[in-house]
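Work through the following exercises with the sequence and the 3D structure at hand. Each task is followed by a stepwise solution.

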Amino acid sequence: MPGSNFFSSWDFTSDPCNFAGVYCDSDRVIALNLGDPRAGSPGLIGRLDPAIGKLSALGELSVVPGRIMGSLPESVSQLKDLRFLAISRNFLTGTIPQSICQLSNLRTLDLSYNQLTGPVPPSIGSIPGLSNLVLCHNRLSGPVPPFGSQLLTRLDLSHNQLNGSIQPLSFPPSLQYLSLSWNRLVGPVDTILTRLDQLNHLDLSANGFTGPIPGRIFGFPIGSLQLQRNSFVGPVQPTDQVAIPTVDLSYNRLSGPISPMFSTVQNLYLNNNRFSGEVPGSLVDRLLAAGMETLYLQHNYLTGIEINPTAEIPVSSSLCLQYNCMVPPLQTPCPLKAGNQKTRPTAQCNEWRG
């Protein structure tokens, strides 16, 4: 791209093993890291030539963000030693070759932030040693295939157009990072999630998932739990005090009382659900002690909260209670989306109780 002089060292009268981004073992190319990796550096323009499939010893292929266009050549599947393939934040189009499953040594595949279409090839899940698959921010459609690799730790398929339900045994227990957000996925996930006890990041937000949220997942070593904007139903019952810093269950159809086990969460979003009953005193105590930064409970059917109307909410904390079946005992700033109505209409509350 304009401003890049990456190829200036590529003097074809000399040894290509001395070119910038080219790494050799003896006289065979084993790695291509194309483009200047420094932040803000201009990327490259062009297409990937199918002749790349002739670099039979290639173990690593990466291209920095830029304007690489066209499709991923089918010939990439001939690179039997390829372990690392990363071409993110470019303009790749077309489909991911079905033959990519022939890369039996592949560990990392990152084609995120491109314009790829078509399905996630079902065969991709059969690559035995695959540990990182990052295909987020494309236009991929169709179902999420099952993954057989028992080494898979990171799976990011977020921001695509994937649809359908996910089969119960689709993901191995080795998964630590799972993001499927902003797709069109449906169906229950409780059986799937219960097995994934190594997760440290889980984002299923903005889909059409249904069924219950298993209480067991609140004991997983997760740093951020994002389940908002789905159609999850039923009560939420963690089995122990929740140690996850951020829990977002907003915009679902969850009901029943709010569990006091959530009092140890720093940022808790339970708004826009069907929770009822009193707000547990332990949540109020933590908030007033500045142990909780965010407690969003607006747009539910809550009937009470024990808090002194003169209580001082710490500057670092946010509490929103409006549009419940009670008059908020104190006025607190709520997000604009919460609207202006302080209390839910009595008729709705009576209907809910009835």
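**Exercise 1: A surface patch**

Met 1, Ile 45 and Met 69 together make up a nonpolar surface patch with about 250 Å² of accessible area. The model is predicted: local features need pLDDT of at least 70, side-chain atom pairs count only at pLDDT 80 or more, and totals for chains, interfaces and linings use all residues. Residues are numbered from 1 along each chain as its sequence is written, and side-chain values use heavy atoms, with hydrogens and water left out.

Task: Locate Met 69 and state why it counts as partly exposed.

Solution. Step 1: Met 69 belongs to strand E5 (residues 67-70), a strand being a DSSP run of at least two residues, numbered from the N terminus. Step 2: Met 69 is partly exposed because its relative accessibility is 33%, and this class lies between buried (under 20%) and exposed (over 50%), with a 1.4 Å probe and protein chains only.

**Exercise 2: A loop residue**

Task: Determine whether Ile 100 is buried or exposed, and which residues it touches.

Solution. Step 1: Ile 100 sits in the loop between strand E7 (91-92) and strand E8 (108-110). Step 2: With 1% relative accessibility, Ile 100 counts as buried. Step 3: Leaving aside residues up to four places away in sequence, Ile 100 touches Leu 72, Ser 77, Leu 109, Ile 124 and Ile 127 (contact: heavy atoms within 4.5 Å). Step 4: Leu 130 is 30 residues from Ile 100 along the chain, and their C-alpha atoms are separated by 12 Å.

Terms used
Patch = residues over 30% accessible without salt bridge, like charges linked within 9 Å, V, L, I, M, F, W, Y side chains within 5 Å. Areas by Shrake-Rupley, 256 points an atom, 1.4 Å probe, with all protein chains shown as cover. Salt bridge = Lys/Arg side-chain N within 4 Å of Asp/Glu carboxyl O. Helix = DSSP H or I, 4+ residues; strand = E, 2+ residues; numbered from the N terminus.
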